[in-house]
Each structure stands twice: as C-alpha cells, then as structure tokens.
2 protein chains.
Amino acid sequence: MAVYTDVAAEDLARFLGDYDVGELLSYKGIAEGVENSNFLVHTGAGHFILTLYEKRVAAAELPFFLGLMEHLAGRGLTCPQPVKNKKGGMLGTLAGRPAALVTFLDGMWMRRPAAGHCAAVGEALAMLHLAGADFAMQRPNALSVGSWRALYAQAKGGCDKVHAGLSETIAMELDHLEAAWPRDLPQGVIHADLFPDNVFFLGAKLSGVIDFYFACTDTLAYDVAICLNAWCFETDHSYNVTKGRALLQAYGKVRALSPGERAALPLLARGAALRFLLTRLVDWLAVPAGALVKPKDPFEYFRKLRFHQAVKSAGDYGISA
Amino acid sequence: MAVYTDVAAEDLARFLGDYDVGELLSYKGIAEGVENSNFLVHTGAGHFILTLYEKRVAAAELPFFLGLMEHLAGRGLTCPQPVKNKKGGMLGTLAGRPAALVTFLDGMWMRRPAAGHCAAVGEALAMLHLAGADFAMQRPNALSVGSWRALYAQAKGGCDKVHAGLSETIAMELDHLEAAWPRDLPQGVIHADLFPDNVFFLGAKLSGVIDFYFACTDTLAYDVAICLNAWCFETDHSYNVTKGRALLQAYGKVRALSPGERAALPLLARGAALRFLLTRLVDWLAVPAGALVKPKDPFEYFRKLRFHQAVKSAGDYGISA
C-alpha cells in the first residue's frame, strides 16, 4: 500500500494530452499495490487507474504485462484494459518513470471471502488460463522453484529469530521440492498472485481481476495451488475444505484438471506456500527496526506449509484425487 | 499521506446502508490527509470521501468541523458538504472509529502555484471569513500563541541538531511574540491550515477548499498570515512579492483589511512561521531513525521566520501599509 512518487497536476495534464480521454478533473494517490505508485484519475472521459512503475518493476517487462491485460480483456476477462495513447502505444513517461493508464473497474475486494467468492475465483482463474493460451509473449517465472534457494540464502541468517526451527524446515522442504518438482504438467500464462486484494466483487459477482505484475509463463496448476493458499485458509490458519472444494470444482467446470495435475496438487501447494513464506521472510527481515510500515507476517505461510506437508492427496483439498 | 485503518467491504456496505446513497460500487484508500484515514467511495449516487477519524482528532470536536463545512457550503463556499444519514446525523461509526461521509470535489492541488492561484486563494479565504461570521459554534485555536511554549519545550532538546542556533532563535522569538501578540483584531472562523494541498483548482479556477480539521475561532488576519507563508514563498525560500500582492489584494476586495490588521501583519506572519516551525520540529524529532515516512522539513519555516523578522511593514508583503 503505497504512493512512492508524487505527480504534479501540470505534469499529469501534459501526460494525458497524449491520450483521447478529455480534460483532467481530479486524481488521488491510492493505497493499492506494493511495488508501484497508483492514482485514481477522473477525466472528461471517465475514471482510470494511472500506474507509475517504480524501480522494482523492470521496464523491459511492461510490454508483457500490458499486452497480457489487453489480450485477456479482449477475450472477455474482466480485467483492466490498457488505454492506448494517440500514437497507439500503451506506455508513456511521467515523473521520470514508465507510466500506463488502464480502465477503472468497480468492485470491492473481500477481506473475508466466503465459499461463493472462492468458486467465482476458481472459475475466473480457469477462464484466465484458457484465454491466455494463445497469448504470444512468454515470461519465465522469476519466483518459481529455481529461485527459492537464493531467497533462502538471503533469509537464512534471520529465519530462526522469526520462528525457532524455521531454517531447518525450509532447508528440508527445499531439498524435497527441488527434487520432486513436476516439469511435465500443462504450461501457460498464470496470474501468480491472485490474492483476495486482486479480485473485485460486486455483491456475489466477480467484477474484476487486477494486478498482473507477477504474471508469467508457468505450470497452470501451480496457479491453482497459489489460490488454494490465498483463499481457502481461515484467519486461524486452518484449511477450509468447503472453500477449497468450491474453488476447485468451479475451476474444473471451465478447465478440467488432468489426473497428473490433481496428483501434483499437494506438492504444488507446498511450493506455493514456500514461495510466499520465503518472499515474506526476505521482506520482513529487510525492514529496519522502528519503521512505520510493517510487511506481511511470514508465519502465516509457515503454518500453511505445515498443513500441505501432511496432505495425502488432492482429496484432502476437497476434490477426488 | 496515510491510510491507517483498513475497512472491509461488508462493513462499509452496512455503514452506507444508513445513508441514501445507493449501492456501494467501489472504494479506495487515498493518500491524502495526515491525521485521518480517507477513502474515495463510489456508490449508485456518485462519488464521496469517507473519513475515519483516528485518535489524534478528538471526537468531541467533530460536530464543530462537520457543522462548519455544512455552514460554509450552505453559503456558497465550494467545500465538501457532509452527507446526512437517514436519521439526520453527520457522524457514524465504522471500524470502531467516528466516520463521516462528505461530497467529492473535482480539482487538483497546485504543486507550483502561480500568482493567479494565490489571488484565488486570497479571495476564497476572505469569502470563508465572511461566510463564517454567523456560524454559531466556537472552537479555541489549540495551536495559537498560548501553545507555542509547550511545543518549544518538547522540541528544545533536539533543536540544535536540526540547525545550529535554532533553539536560541526560537526562545527569543517566543518572548517577543508572547509580549507583542495582538489581542484586539477582528476574530472569527479561520481555516488555519490553508496550504496548497488543501485547495483544488480546475485550470485557473478554484474548485474547492478542503480539510477543515484545524479550523477554529481566532484572529482573521492570522489566517491571512498563514496563507502568505504557505503560498507566497519560492522553493528557495525567497518571498515572491507578486504572489503576496495578488493574495492580499484579492482578499481585500472581498473583505478589507483594517489599518490595525495591516500593521499587525508582519507580527502575525512571524507567529504563523513559528507555529509551523514548532509543529514540524516536534514531528521531525519524534520519528524513529530508519523510518520509511519522513515528516516535513522544519528548516523551511526557519527561513520564512527569518524573512518576516526583517520585514518593516505590510508594504514589504506587497500592499500599502
């Protein structure tokens, strides 16, 4: 939740002069997104989200993210649609940073998602996977199994201050996942960060999927495993099988999970839990003492990892194995 | 710039059920305001700003602030208008905090105000002073001359780390202002914090005055002095007499400054500079080392104070003394 860069009205008005969106009427920095600066912009043509890409997002990757949003929106997924400027481009420069304008989507993200929301997310995820099948660009997943050992090396020294024995648990898990990670499951475009704050609802109806800045080309079922972690646990870290079943069944109605994908689900869920445990650990340990902004607690994902380690088969997640 | 409190969609929808504003369509935490949490809310009835009052704003004072906004908006000042709930009240409770809904105003605040903007602010300030004349409620200024010695005591120990000799300068200025502070000038409702980020423009036209949470009953010309400090200095801390003249003349066309007010202007400007120097010093010194959020630099107001100390008469600000 951050606005890192302030934008002067005069500069924004000049930037918007390159677009057919009418006159600038207002803009507010919004507390959304962790990596970039986001503004809700009101112009004569309506409401838009303006994103300024801060240094952690590589400019070279922006055409993938923006092209993907355009591709998916064109195939009926309700996601932000990049607005093209008068020259046909989707990327400009503002306040010295790459900047893009996308359409605004109404809807709220669910702080306490119910099983119905989980079903809607499962359905949308499968639609995303199908819609992405003919997207021409590729982007390797920079945060998949091959990157975890380096993250662990970064966090190793501080691990046991967070939780006793955490370092050993991670080391053993890493060895196991690196050896057993499935390489032959269906690949394609995955969202890779489809947490509740990236999915909007109007009532029970899903109204938008946002934040494609972790999207990449990877194992489709791994995206399902990320969602199981993100949507189907309670605040006490217990797995809610009703929510899991709702998510998986709704996904399966749009895109059937193969027997191989089902069999790999416990392993993929362990991997997803470890990936978020590791990045949260790194962020947690990087914050100076006394800072006002607290990163997300890594412990939640340690508990989720423990759950998945005890899972026997996809049946434990709520669908037939 | 902060959102301190997160609000769940379900809770906000329930809160809005007490108002005639239609269905909740979206809401975003916005990076505006220092003391409270602010959200831009879209409902079937339009756009609103929702404010959750954090602990630094006393709940007992909210009826003054909200009543004042309603009073001023009723007299044609373009400021946010509190939305009444179905019971006729302007104050509710959300996420355990007092909360109010006000109308949304289009417009942008000027990072680099020109003389024309300063004139518009002078005119609006005078209109505010006239419109406030028959507002029935009173609120003493908790940050006027009587409070400065206590602020100085808080900052004293760290003063000279910010700037050598700062502590002595403040001590002498305090002695002078406490003895010479004018008590017999016209009083009324003042905004007391009319900085550029609290004034919106659409092009050259002022479209809104916001943030009445420092408003109080005090010397009207002191409010003018605050604006001179906030609007008429350049980024190199030099006074721009063209901007000052524009602000003062525009103010005077709506509400003439009396000879006594003109004569007191240099003293009031010194007081205004000291007030913001002191509160910024206290905030600056209270922030832990390594914090991600930097408060405003107090040094800017030290330089402004130095300027006002050398002023001979209102003539130096650009109007006849």
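The centres of domain 1 of chain A and domain 2 of chain A, taken over C-alpha atoms, lie 27 Å apart. The model is predicted: local features need pLDDT of at least 70, side-chain atom pairs count only at pLDDT 80 or more, and totals for chains, interfaces and linings use all residues. Residues are numbered from 1 along each chain as its sequence is written, and chains are lettered from A and ligands numbered from 1 in the order in which they are written.

User: How many residues does each domain of chain A give to the contact?

Analyst: The domains, with bounds from an automatic or database domain assignment, are domain 1 (9-103) and domain 2 (115-317). Residues are in contact if their C-beta atoms, placed from the backbone, lie within 7 Å. The contact takes 16 residues from domain 1 of chain A and, from domain 2 of chain A, 16 residues.

User: Is A:Met172 buried or exposed?

Analyst: A:Met172 sits in helix H5 (residues 166-180) of chain A; helices are DSSP runs of H or I, at least four residues, numbered from the N terminus. A residue is buried with 20 or more other C-beta atoms within 10 Å of its own, exposed with 12 or fewer, and partly exposed in between, C-beta atoms being placed from the backbone. Because A:Met172 has 11 other C-beta atoms within 10 Å, it is exposed.

User: How many residues of H6(A) are buried?

Analyst: Cover for the buried residues of H6(A) includes helix H3 (115-131) and helix H7 (241-254) of chain A. Among the buried residues are A:Cys227 and A:Trp231, both touched by A:Leu247. H6(A) is mostly covered, and the buried count is 12 of its 12 residues.

Technical notes: Contact = placed C-beta atoms within 7 Å. Helix = DSSP H or I, 4+ residues; strand = E, 2+ residues; numbered from the N terminus. Lists of a residue's contacts leave out its neighbours within four places in sequence.
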